[in-house]
Amino acid sequence: MTARPRLRFAPSPTGPLHLGGARTALYNWAAARAMGGTFLLRIEDTDQARSSEQSLRIILEALRWLGIDWDEGPERGGDHGPYLQTERLDIYRRYADRLVAAGHAYECFATAEEVEEGRQRLQAAGERPMYDRRHRDLSDAERDALRRERGPGSLRFRMPLDQVQVLPDLSKGDVSINLAELDDWVMVRPDGMPTYNFACVVDDLEMGITHVVRGEEHLMNGFKQAVLFERLGAEPPRYAHIPLILGAGGKKLSKREASVDVLEYRDKGYLPEAVFNYITLLGWSFSGDRDVFTKAEMLERFRIEDIGTKGSRFDDAKLRWMSGDYLRRLSADELVERVRPFVHGVVPDAAFETQPGLVRNAVRCYQERAELLAEFAEKLGWLFADRVEPDDDARKKLAKSPDAPRWLADYAALLETSALPPSWPDDRTAADAFFELPSSADRPAPAGTAPCLGPRELEARCRAFAEERGIPFGQLVHPVRAALTGTTKGPGLFDVVFLLGRRVAVERLRALAGGSAQPA
RNA sequence: GUCCCGUUCGUCUAGUCAGGCCUAGGACACCAGGUUUUCAUCCUGGUAACAGGGGUUCGAAUCCCCUACGGGAUGCCA
């Protein structure tokens with residue numbers, strides 16, 4: 001085994017990329033990269049009825065989103081192409097002819113009804129239901145007669161019936177089965193189109209595949225394929241059959257409990273690094289005490305043999321947490337760039353160009369309060385809205401302070417004469433460049449001459465204002481927040497005041513002060 | 001039904017191949033506390049597992065057998 005490792009992911013383009021498929025792709029990719037080998041993509045589109053170009057595009061897009069790249073395959077080419085099975089039909093035909101000539105394959109003319117009938121009979125006898133091999137030993141004359149009568153048949157593999165097949169599995173160890181338990185499977189359909197097991201073997205052979213990581217549902221296929229390799233006088237790749245990803249109920253993951261489509265996670269604003277990291281963890285662990293790691297770190301340790309043998313359940317809560325964890329590590333610039341596609345209509349497009357500092361400060365204020373990028377659209381709404389309405393929680397807090405309207409009016413008067421930053425869309429570049437939000441206790445105040453009051457100074461003045469009037473600070477803060485944002489949660493209140501700027505802050509305080517029917 | 005595979009906290013897992021370092025470690029979730037103008041972040045602590053039964057051994061989560069349960073396959077789908 002001195003050959004350079006070659007691994008492949010071979011999706012069939014019959015729908016979106018499923019989480020399970022993504023994990024399979026990821027493990028093959030990681031194994032190839034970790035071993036310094038080649039990773040290629042092969043498209044198994046022999047089911048013409050269900051395959052579509054659209055699905056193929058979506059699958060490639062999903063792989064790219066996850067950061068899984070390929071050395072050979074669609075849109076990339078390579079020395080072992082073509083990489084679409086429907087473009088390799090002449091290769092399969094060559095192999096089929098060879099197998100027939102050697103007596104390892106035979107033509108079968110059984111109708112669907114006849115096959116079904118044979119199955120029933122075997123099952124009734126307590127045996128494994130399968131094609132009953134009725135045309136396995138046709139004489140030449142019988143075969144010619146059937147072909148004349150029924151047209152071309154399908155090509156079936158002549159399974160050796162007296163052999164125990166051992167399949168060395170990198171994940172499970174040696175697995176074995178009595179080949180008589182397996183049927184004489186169809187290799188080529190009557191119309192000449194190969195089936196999965198046949199095309200897969202031919203391609204793995206022709207493409208020099210050395211290792212295959214795939215779902216456990218292929219274990220039985222593994223036996224069939226290994227025998228075919230044998231008949232072809234070749235070594236099969238090293239297989240690793242890994243368990244499926246299950247849903248919360250322990251059954252196969254279904255759309256009901258979670259999205260199974262990888263791109264749906266993109267659209268919901270999960271970070272791709274997190275999705276990558278999380279699905280890697282479904283069956284493999286980085287170390288005993290760390291769950292979050294970079295791709296590079298993973299590649300230093302990844303080995304196919306270490307993939308787990310147990311089916312794992314998909315847990316959206318942990319994925320979300322992980323997405324949030326990655327979100328928090330993003331630099332300010334990266335964060336803004338990632339958030340941008342998710343906040344159309346909430347943050348004016350122009351703001352990204354004319355007041356990038358404001359946008360950055362606003363977005364950063366939610367970096368520790370979000371897990372998904374899509375959350376920024378909901379959370380940032382108050383900042384650029386024409387006006388805000390208190391939500392239910394905010395109303396409740398307001399109701400607890402009957403004096404709030406008067407305080408708000410007075411506080412508005414104070415702010416009106418304070419040196420606050422300008423409000424959007426006025427130019428406030430200087431303010432945002434000087435003060436970096438979110439402000440926090442462990443972040444030192446910027447040095448130099450401030451162009452206006454910053455959050456700290458605003459807070460100090462507000463505290464003084466409250467003390468002067470004998471208002472408990474805590475009771476002042478909630479109505480102010482309700483007036484400014486309409487909510488009870490969010491960034492530090494004085495970050496909010498700062499972001500809003502003088503004109504809008506004053507406006508909103510007065511709107512609520514006047515609007516809540518001040519008792520005489 | 002038949003064949004194949006699997007079984008450590010609620011979930012993902014470390015430990016199993018080379019039996020003692022395991023009164024079983026970490027993470028998510030959950031609960032309690034701390035920080036705080038809210039929410040969140042952050043910090044501290046807590047609850048919680050070797051499926052069951054037989055062996056082998058001085059000693060078993062780790063090796064063997066059986067049972068139970070779960071998953072997969074049984075397609076001219078992949």
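In which sense do β3 and strand β4 pair, and over how many bridges? The model shown here is a predicted one. In it, β3, made of residues 105–108, and β4, made of residues 154–157, run antiparallel and are joined over four bridges. Strands of a sheet pair through backbone hydrogen bonds, and the pairing is either parallel or antiparallel.

Strand β4 also pairs with β7: two bridges join them, and the sense is again antiparallel. Here Leu 155 has Val 188 in β7 as its bridge partner. Together the strands form an open sheet of three, in the order β3-β4-β7, with antiparallel pairing. Because β3 and β7 (186–188) each have a single partner strand, they stand at the edges, and one side of each is left without a neighbour in the sheet. From one strand to the next, the twist averages 45°.

Now consider the two faces of β3. Ala 105 and Glu 107 lie on one side, Tyr 106 and Cys 108 on the other, and all of these residues are buried, so that both faces are covered.

The cysteines come next. A disulfide is a covalent bond between the sulfur atoms of two cysteines. How many disulfides does the model have? The count is zero, with a cut-off of 2.5 Å between the sulfur atoms. Cys 365 cannot be counted because its sulfur is 14 Å from the closest cysteine sulfur, in Cys 452, which is too far for a bond. Cys 365 is buried, with a relative accessible area of 1%. Cys 200 is buried as well, at 0%.

How values were computed
Residues numbered from 1 in each chain as written. Chains lettered and ligands numbered in written order. Predicted model: local features only at pLDDT ≥ 70, side-chain atom pairs only at ≥ 80, totals over all residues. Heavy atoms only, no water. Buried < 20%, exposed > 50% of the residue type's maximum accessible area, 1.4 Å probe, protein only. Pairing = 2+ DSSP bridges. Axes fitted to C-alpha atoms, helices over the stretch in contact; angles between N-to-C directions.
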